[in-house]
Amino acid sequence: PDAHFSTTRACLDAGHPVYSEKPLAMRLDDAKSLHALALAKGLILASAPCSFLGEAAQTLGHALRNGIAGTPRAIYAELDDGFVPQAAYTKWLSESGAPWPFEDEFQVGCTLEHAGYYLGWLISWFGPVRTVVAASAETIPSKGGTGPFAPDLSIATLFFKNGPVTRLTCSIVAPHDHTIRVVGDKGVLSCKAAWDNSAKVRFAKRLTLRRRLLENP
């Protein structure tokens with residue numbers, strides 16, 4: 001991740017459009033300078049992830065546009081990966097056989113690595129975020145590798161310019177949960193996988209039965 005800025009800048013300087021791995025840069029000022037450089041040169045600059053183009057996000061967006069759950073009032077988005085510091089992460093291998101770069105992951109942190117998935121979905125549906133109220137903490141200081149480490153738990157409340165209030169949580173300490181839930185006037189839309197493009201989108205209709213308020217799948 002700390003090489004993304006210099007690599008992208010070199011490509012833009014050479015006149016090439018860029019699609020970057022996430023994060024675009026490690027510093028906000030660097031990301032802004034890349035945007036300004038691309039704009040000045042008339043080049044396209046984009047950054048991963050692009051899962052908002054996948055079936056799951058497009059299906060959920062279609063349901064929102066068609067009012068399946070009524071007016072959305074609140075959204076809960078979870079990107080919790082389980083208690084990773086106790087996992088056998090030194091033995092994790094990708095499909096190519098490459099080891100999981102745990103030291104790099106712990107230094108960059110789960111927020112920069114993961115928040116972009118549901119942020120991409122949300123911004124594609126509702127447009128820009130007006131205000132962010134957030135807090136983060138390093139709850140487990142003794143992770144593998146050398147520090148300093150980024151926070152391993154972050155919670156943000158997002159206030160969209162034209163959309164519902166949203167809570168976004170990222171962690172490598174809470175039980176694994178990648179669910180997004182859109183609470184509307186008529187019920188709840190949900191999906192359980194941020195980066196599974198074929199994940200099912202579900203709707204639970206709200207109804208009252210014998211004085212009990214239920215959400216019927």
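Biologist: Let's start with Cys-191. Is that residue buried or exposed?
Modeller: Cys-191 is buried in this predicted model, with a relative accessibility of 1%.

Biologist: And which cysteine sulfur is closest to the one in Cys-191?
Modeller: That would be the sulfur in Cys-50, and because the two are 16 Å apart, they are too far from each other for a bond.

Biologist: What about Cys-110, which sulfur is closest there?
Modeller: For Cys-110 the closest cysteine sulfur belongs to Cys-170, at 5.7 Å. A disulfide needs the sulfurs within 2.5 Å, so this pair is too far apart for a bond as well. Cys-110 is buried too, at 6% relative accessible area.

Biologist: How many disulfides turn up in the whole structure?
Modeller: The search gives 0 disulfides.

Biologist: Now the second largest pocket. What volume does that have, and what lies nearest its centre?
Modeller: The second largest pocket has about 310 Å³ of space. It is lined by 20 residues, with Asp-81, Trp-100, Glu-105, Glu-113 and His-114 nearest the centre.

Biologist: How do the lining residues divide by class there?
Modeller: In the second largest pocket there are 10 nonpolar, 4 polar and 6 charged lining residues. Helix α5 gives the largest share of this lining, 4 residues, and α4 (102-108) and α5 each supply at least two.

Biologist: Tell me about Glu-113. Where is Glu-113, and what does Glu-113 touch?
Modeller: Glu-113 is in helix α5 and counts as buried, at 6% relative accessibility. Setting aside residues up to four places away in sequence, Glu-113 touches Pro-1, Lys-22, Glu-105 and Val-108.

Biologist: Lys-22 again, then. What kind of peptide bond joins Lys-22 and Pro-23, cis or trans?
Modeller: That bond is cis, with omega about -10 degrees. Pro-23 is in the loop between β1 (18-20) and α2. Another cis bond runs from Ala-48 to Pro-49, with omega near 0 degrees, and Pro-49 is in the loop between β2 and α3.

Biologist: And what's going on with phi at Arg-210 and Arg-211?
Modeller: Phi is positive in both: near 50 degrees for Arg-210 and near 70 degrees for Arg-211. Most residues other than glycine have a negative phi, and most peptide bonds are trans. Arg-210 lies in the loop between β9 (201-209) and β10 (212-216), and Arg-211 is in the loop between β9 and β10.

Biologist: Are those two arginines buried or exposed?
Modeller: Exposed: the relative accessible area is 78% for Arg-210 and 85% for Arg-211.

Biologist: Switching to Leu-64, where is that, and what does Leu-64 touch?
Modeller: Leu-64 is in helix α3 (residues 55-65) and is buried, at 16% relative accessibility. Not counting residues up to four places away in sequence, Leu-64 touches Pro-72, Trp-125, Phe-126, Val-182 and Leu-189.

Biologist: Last one: how many helices and strands are in the chain?
Modeller: The chain has 5 helices and 10 strands. Of its 217 residues, 39% count as buried.

Notes. Residues are numbered from 1 along each chain as its sequence is written. This is a predicted model: local features need pLDDT of at least 70, side-chain atom pairs count only at pLDDT 80 or more; totals for chains, interfaces and linings use all residues. Side-chain values use heavy atoms; hydrogens and water are left out. On a 1 Å grid over the protein atoms alone, a cavity is a set of points where a 1.4 Å probe fits but cannot get out, and a pocket is an open set with protein on both sides within 12 Å along at least five of seven lines; lining residues have an atom within 4 Å of a point. Grid points are joined across faces, edges and corners, and a volume is the space filled by probe spheres set on the points. Ala, Val, Leu, Ile, Met, Phe, Trp, Tyr, Cys and Pro count as nonpolar, Asp, Glu, Lys and Arg as charged, and the others, Gly among them, as polar. Buried means under 20% relative accessible area, exposed over 50%, partly exposed in between (1.4 Å probe, protein chains only). Contact means heavy atoms within 4.5 Å.
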